[in-house]
Amino acid sequence: MTNETFYVTPTGKKYHYRNCRTLTRSKTVIAISKRDALAKGYEPCGVCKPPR
Ligand SMILES: [Zn+2]
């Protein structure tokens with residue numbers, strides 16, 4: 001089982017790859033493990049399409 005690091009924003013409901021273009025608009029980007037992102041109810045971003 002992998003536990004990659006993805007990125008979320010304080011107000012977002014999705015998790016992202018670091019280079020996702022939707023993250024460039026946010027001043028604050030928070031690193032989060034995939035396990036934690038899923039545990040906290042984040043959904044995969046539809047733009048950068050990280051794995052679930
Ligand atoms: Zn994204």
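Predicted model: local features only at pLDDT ≥ 70, side-chain atom pairs only at ≥ 80, totals over all residues.
**View 1. The largest nonpolar core.** Seen here are the 7 residues that make up the largest nonpolar core: F6, Y7, V8, Y15, L23, A37 and C45. Strand β1, which covers residues 5-8, gives this core its largest share, with 3 residues.

**View 2. Y15 and its contacts.** Skip the neighbours within four places in sequence, and Y15 still touches quite a list: F6, Y7, V8, I32, A37, Y42, P44, C45 and P50 are in contact with it.

**View 3. T9, in the loop between β1 and β2.** Here we're looking at T9, which sits in the loop that leads from β1 to β2 (14-15). T9 counts as partly exposed because 17 other C-beta atoms lie within 10 Å. With neighbours within four places in sequence left out, T9 has contacts with L23, S26, T28, V29 and I30.

**View 4. K49, a residue with a positive phi.** K49 lies in the segment that follows β4 (43-44). Its backbone is worth a look: K49 isn't a glycine, but its phi is positive, at about 50 degrees. Most residues other than glycine have a negative phi. K49 is also exposed, since 11 other C-beta atoms lie within 10 Å and the cut-off for exposed is 12 or fewer.

Terms used
Residues numbered from 1 in each chain as written. Core = buried A, V, L, I, M, F, W, Y, C linked by C-beta atoms within 7 Å. Buried ≥ 20, exposed ≤ 12 C-beta atoms within 10 Å, placed from the backbone. Helix = DSSP H or I, 4+ residues; strand = E, 2+ residues; numbered from the N terminus. Contact = placed C-beta atoms within 7 Å.
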